[in-house]
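The exercises below are meant to be worked with the sequence and the coordinates side by side.

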Amino acid sequence: MSEAKLKRVDLIFGEYSNVKYKVLTETMKRSNDEILADLLESGLRGRGGAGFPTAIKWKLTAESPSPEKYVICNADEGEPGTFKDREILTRVPRKVFSGMAICGKVIGAQRGYIYLRGEYRFLLPELMKELDGYNEHAKSIGLDFPIEICLGSGAYICGEESALFESMEGMRGEPRNKPPYPTSFGYMGKPTVINNVETFVNVMMIMRLGAIQFKLLGTRDSRGSKVFSVSGDTPIPGIYELELGMPLERFVDEFGDGDTKAVQVGGASGFCVPRKKFKDTVIGFEGVPTGGSMMLFNSSRSMYHVLHNYLEFFEEESCGQCTPCRVGCQQLRKGIQAVKKGDKQSLYLDQLMKLSESMRLTAKCGLGQSVANSFSSIVYNFKEEMIY
Amino acid sequence: MKNDQTDIKNQINLTIDGIQVSVDEGKTILEAARELNIHVPTLCYHEDLCVAGNCRVCVVEQEKVKSLPASCATPVSEGMVIHTNSMKVRLARKHIVELLLSEHHADCTKCYKNGNCELQSLASQMLTGDHMFLDLVPDQKYTIDMFNTAIIKDDSRCIRCQRCVRTCEELQGVSALGVAYRGNRMKISTFFEHPLFEVVCTNCGQCVNRCPTGALIEKNYIDQVWDAIYDPTKHVVVQTAPAVRIALGEALGMPPGKIVTGKMVAALKRLGFNTVLDTDFTADLTIIEEGHELLSRLKRALVDKDPSVVLPMTTSCSPGWIKFIEHTFPELLGNLSSCKSPQQMFGALVKTYYCQKRKLDAKNVVSVSVMPCTAKKFEANRPEMRSSGYKDVDFVLTTRELGIMIKQAGLDFESLPEEHFDSLMGSSTGAAVIFGTTGGVMEAAIRTVYEVVTGREIPFEGLNITPVRGTEGEVREASLKIEKVKPEWKFLEGVELKCVVANGLAHAKKVMQDVKEGKANYHFIEIMACPGGCLGGGGQPIPTNKDIRTKRKLAIYEEDMGMALRKSHENPDVQLIYKDFLGQPLGHKSHELLHTHYTPRKRY
């Protein structure tokens, strides 16, 4: 229990360099191939949760012949239990802008947008001030890549990339059919790189420190560090930047209250890991991936209520266009309620498990597909709490 | 051979259910499967509309891919291996249909679409006997909008496939229907959830044609018509539109494109209508009135240089189009011909001219029309449509409703003998028949106008003015040089008559936008609200698609070619009515009975 503490990292929130936008200015002098090679070498994967290799995403977009391209920073941080992008945008916005501008150079985009979660409207005044500074600096170094902020309106689904594009275009925020992917058909139907806030900061840090330095952190499949939003039954909730690839057991040792029975890794759309699996669970793309949310639950919590709460959330936040997600979420929530009340036999849970699997297979976008993550991991591991 | 190569698309090889197939690049898995005659079930997919990929019923298994892609929305790629009927696929599809049923008010025996519902047939295919999931219907607050005269919208039967939304937006450019709310509350609704009669809905019924369930249906007047038929004090007159005779067969189990004019007349007589007449008669009359209106506008513009004359003149026989222009371009109402639609001309004449001739009291006459259209129901209920002193058309039935009545009466439609329309207002010409297809009114008008002005027949082989024969999904422009005119039409010598034909309101919108911006130098515009014209109308048999509509169109032209008379002014009944009743085109009586005015409406 009293092992060395988890390694704290200070990449993301580290101080700015002493010269304003130094890294950006220097990176602009490098060739696109060099930058892409560095990114590939670093093994950086998207920090939004899905973990797509950033270098490949950029390369695919760069290769598209379209003269019109876009860079979009996904700051629609809606996953329950995640609040790290807010912190990044408050404390180190310049790093985000720099990462976006580097992306713009590499893929040949003319313009960048930050899609800011509607509930983060209060960040706007400060962010706009910083953005003015960036735009001024960009002009001074002859960089033609203006960045604008686009405010969301409070729909969780708009964090899904194609729904985000629709929302930005003034449409109803509904996911599109894929393929085509954003690398060829994104915002306004043009090739678009869309990355999480933290990913852009990571890019910028790789440019500053070099890929080798970055690779020293993390594991083979999960390079670098990650900003975690720690909440729930913990004496020290907050934002922590930690090395990726840590065993969950050590995380719980450090952040738990001594009575942790489960950790929900990755928010409502992530996985629930019960105490007996803490030891064998690695936080990273080889194990349980996360967009940053770590929710700890102690034995005073009813996992039935936790699940019911998540399902209520999904039921309301589904865009409603595809059948498995719109109706499936309602059936799952009402289903566990019926089992709890005794209106349905406990065997009905197996039926619901199969339904959640069908949702994973057939839903149109990540929202409907990932409802099964929390549903099946909670029902499977805490079946008795669902019934009694 | 050499030139062909540019047309050939890249071929993509894939395997579906163990069968190798090679299809054009850009096709979807669903289209590839259909080429192999493998039937993948669908619900939200419709040939006429853009792909939505909403219902997920058409999912298939793709090897090396974790999820099950929707076959309607996924393009084929080289080396793909697809299974359309694997265990995984079957369970997922069953789950999806069960989910749809759980939020669907499935009281099938009480539903108007019972027996003609895509969800119902899918459910029976999948043997969804016992309910797998909880019934969600009682927990939802559903609304039924039945305040409209033409269309009923019942949300409790809606499966949110959004075919109607796509139809309204893509085909019609109206967007009266849209998606509201999110998640479990998501529904298809209107602007601020107003009832349909308060919004921009044109009642065109294209959504009704494409709704897979009973969520959008026409308001039917079957019982009212039966009541009138059974009432011994009433004389019931029925008129049938040109596009009904080439589609009614479909509603009664016959293949598309069959001409059933004679059987339809026989059936109507057997149903008990006292007189069976033909809307074609007033279609011919429309040509005379509208043709003279056009000539008079041209004369006033070219000779009198009257600045108050509005050109181009647009047709006014499509009631969906009328409501559309009233909402969308209220400032262009002056461009509309003041002629009523053939249905309303007919109604006005039945209760005046016909009653007079047949010595009937108009108050005992019930006038019924059979139309390929739902907007006609709205039109008949317009307050200005009472120029006979009574409601000119009492009840409007769609082709579908007539099909139901024929079934109710137990008639074996296919074996009925061919009968003829009754006289006085029952004769027609080929020019009237082609009113049923896009470009038809234009063609009929030109056949007559050209002859009126020059004294010669239009110089096209077989009178077939192919340049104005509209094509679906296209705005067609044509021009016609008028030469060697009669002395009284000297001002038209050498004038190039410019016409344009559009079908589908989305196309109409483009044409009228040009007119509004002064970019269009046309003289005459024909607009039909529905894709393909009336033959693709909102009251026609379901299903509809381009292939079916093409067959109906060929049937219309075949019917035209088969007519002894091909030009409206040769219709003997039309000649008679001018002699005995109306006097002359655009005369006093005509203005009273055959012309109308329009109402500017708001967008919201």
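## Exercise 1: contacts and fold of chain B

Task: determine what share of the contacts in chain B between residues at least 6 apart in sequence join residues at least 24 apart.

Solution. Taking contact to mean heavy atoms within 4.5 Å, one finds that 74% of the contacts in chain B between residues at least 6 apart in sequence join residues at least 24 apart. Before going further, note that this is a predicted model, in which local features need pLDDT of at least 70 and side-chain atom pairs count only at pLDDT 80 or more, whereas totals for chains, interfaces and linings use all residues. Residues are numbered from 1 along each chain as its sequence is written, chains are lettered from A and ligands numbered from 1 in the order in which they are written, and side-chain values use heavy atoms, with hydrogens and water left out.

The next step is the secondary structure, where helices (H or I, at least four residues) and strands (E, at least two) are DSSP runs numbered from the N terminus; chain B has 20 helices and 17 strands. Its radius of gyration, 26 Å, is close to the 25 Å that the globule rule gives for 604 residues, so chain B is as compact as a globular protein of that length; the radius is taken over C-alpha atoms, and the rule is 2.2 Å times the number of residues to the power 0.38. Along the principal axes, the C-alpha atoms of chain B fill a box of roughly 80 × 70 × 50 Å.

Finally, 62% of the 604 residues of chain B count as buried, where buried means under 20% relative accessible area, exposed over 50%, and partly exposed in between (1.4 Å probe, protein chains only).

## Exercise 2: chain A

As for burial and contacts, 60% of the 388 residues of chain A count as buried, and 73% of the contacts between residues at least 6 apart in sequence join residues at least 24 apart.

## Exercise 3: the interface

Task: state how many residues of each chain are in contact across the interface, and which three residues of chain B supply 22% of the area that this chain buries against chain A.

Solution. Counting the contacts gives 38 residues of chain B against 35 residues of chain A. The area buried between the two chains is about 2900 Å², of which carbon and sulfur atoms give 54%; this is the accessible area (1.4 Å probe) that two parts lose on being put together, summed over both. On the side of chain B, the 22% comes from B:L99, B:L134 and B:R182, more than any other three residues supply.

## Exercise 4: backbone details

Task: locate the cis peptide bonds that join A:K178 to A:P179 and B:I542 to B:P543, and then examine the phi angles of B:L127 and B:E193.

Solution. Between A:K178 and A:P179 the cis bond has an omega of about -5°, and A:P179 lies in the loop between α7 (161-168) and β4 (192-196) of chain A. For the bond from B:I542 to B:P543, omega is near 5°, and B:P543 is found in the loop between β17 (524-528) and α18 (546-561) of chain B.

Turning to phi, B:L127 has a positive value of about 55° although it is not a glycine; this residue is in the loop between α4 (118-125) and β5 (144-145) of chain B, and at 67% relative accessibility it counts as exposed. B:E193, likewise not a glycine, has a positive phi of about 60°, sits in the loop between β8 (187-189) and α6 (206-210) of chain B, and is partly exposed, with a relative accessible area of 35%.

## Exercise 5: a glutamate of chain A

Task: decide whether A:E160 is buried or exposed, and which residues it contacts beyond four places in sequence.

Solution. A:E160 is in the loop between β3 (147-151) and α7 of chain A, and its relative accessible area of 13% makes it buried. Leaving aside neighbours within four places in sequence, A:E160 is in contact with A:P175, A:K178 and A:C365. One of these partners, A:K178, also takes part in the cis peptide bond to A:P179.
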